[in-house]
Amino acid sequence: ACRQAPAWRNGSTFANSGSWRRGGDEGDDHRRGRWAGRPGRGRAMGRWYAALAALATLAGGAAGALERLADADFERRVHGPGAGPWLVEFGRGPEPAAARAEALREAARALEGSGVSVAYVDAAAEPQCAAGHAGLQLFGPSPDPIQIAPPATHLQARAVVDKTLAQVAAVVLERLGGGAEPGAGSKAKPKTQQNKEKSKPKNKFNTRGKPLQLDDANFDSTVLQADEAFIVAFIAPWCGHCRALAPEYAQAAQQLEGTGVIVAEVDATANERLSQRFGIQGFPTIKFFPPGVLNKGDHNVIEYQQARSADAIVSWSLAEFERHGGQVAIDIPEITSQADFDELCEESKCVLMFVPDLHDTGKAGRDELIAALEDAQRNARHIKFGWLAAGSQPQFEEAYHLSFGFPAVLYLRRHQAKDYGLIMRGSSLSASALAAFASSAKKLGEFDEAPWPAIVPTEPWDGQEPPPLPEDEDDDFDLEAFLNDED
């Protein structure tokens, strides 16, 4: 049930729906001010916001409160004639989980007047429309719901609103021409990058939200050579418990799509070598392979011993993924304080990019560098990336000899109470080159040993273009007069 596409998505005019009201200008101005100037977002969000503003004008009317949906009204309100986009949290209990409730309410307030409604569904009390759904999902921009955030993860209102606006605005951008497909992601990319990514699957394994099939022949080359984490179910076709697991496991694969955890399965009866290698004695047996190529030894494999439900599998997998240094949310922080640095390098390793002065790159150039870091983080989730402005931490630049120019990339590592740094060599700072630098095996002897200097507090970048440089008072220098004086 609950799958019918709203009229606005199928191409009918907004004006004919008659049920969406124009949002107030004051609210629109408030949100434009709230989201303007976010590092790494400004270049594209202006165009996306303009598209969303058009959508809100035609659609408007979403309340700013966190609403409740039930079996009795879900179909009518979410999929009925004239329905607008809905951001729906599916949880278990009369209230959203405490860790997510405040972020949902803040997102609802921020989205007021945008045409997007935010609601909560108690899956335990409303099983009909909650069936097949978990976590935070967006209904509207595509025929199927878009997963905004998996269940049992920490929510940030800013990230939720950012991704939601991107998905909804994509509908209007498609009508204007040149927009991204709904569901393609929360961050607008340069056109050249958009063109490259349109042909890509959601991950390099092309799972498309389904369990990846592994066997004796492809297991090592797929699992052990990948930076992603894997959760692998060893099953038998005749096993009743395996058949009972299948729909839950498939749902877990859909929810974990794009998080850095790949859901896979092995027919243990047809791949006896793998069964013997990992000591499979019963079915189904589920094992977790941590992120990072260097963490994929057989001795690092963890057996899953929790409930065989999608929610439990997703929650446990993401917790293990993050416990081993994986990054579910892609947010590249600017390092402006010692606390920022300590959080980034808390696992005794991190990658820092020193970006050029803003007058040298402009806002667009800096945004592109941050976007490259975000893409690199998606492909190297076992280590955290951060950035800071060149010249803001001269002690660091001196300690690791970064005088050759910017941007410069530094891999930091702490080993046996000693601090080390390794400079990235080569001319390419593409996302793939950054990810390869962070993921490749390195010997300690390659690093320069130097204590990590304390971070000097600085003001974070406001996301805007730099102020104009002051004019030189000597700009009226007269060369001819100077030469005559020499005579």
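A residue counts as buried when its relative accessible area is under 20%, as exposed when over 50%, and as partly exposed in between, using a 1.4 Å probe and protein chains only. By that definition Phe396 and Tyr400 are both buried. The model is predicted, so local features need pLDDT of at least 70 and side-chain atom pairs count only at pLDDT 80 or more, while totals for chains, interfaces and linings use all residues. Residues are numbered from 1 along each chain as its sequence is written, and side-chain values use heavy atoms, with hydrogens and water left out.

**Aromatic pairs**

- Rings of Phe, Tyr and Trp (its six-membered ring) pair if their centres lie within 6.5 Å; planes under 30 degrees apart are stacked, over 60 edge-to-face, and the rest tilted.
- The count by this rule is 17 aromatic pairs.
- Phe234 and Phe278 make a tilted pair, with 6.0 Å centre to centre and 50° between the planes.
- This pair links distant parts of the chain, 44 residues apart: Phe234 is in strand β7 (residues 229-235), and Phe278 is in the loop between α11 (272-277) and β9 (285-289).
- Helices (H or I, at least four residues) and strands (E, at least two) are DSSP runs, numbered from the N terminus.
- Phe234 is buried at a relative accessible area of 0%, and Phe278 is buried at 9%.
- Phe396 and Tyr400 make a stacked pair, with 6.1 Å centre to centre and 25° between the planes.

**Aromatic cluster**

- One aromatic cluster is formed by Phe341, Phe354, Phe396, Tyr400 and Trp452.

**Charges over rings**

- A charge sits over a ring if NZ of Lys or CZ of Arg is within 6 Å of the ring centre and within 35 degrees of the ring normal.
- Arg366 lies over the face of Trp461, 5.1 Å from the ring centre.
- Arg413 lies over the face of Phe447, 5.8 Å from the ring centre.
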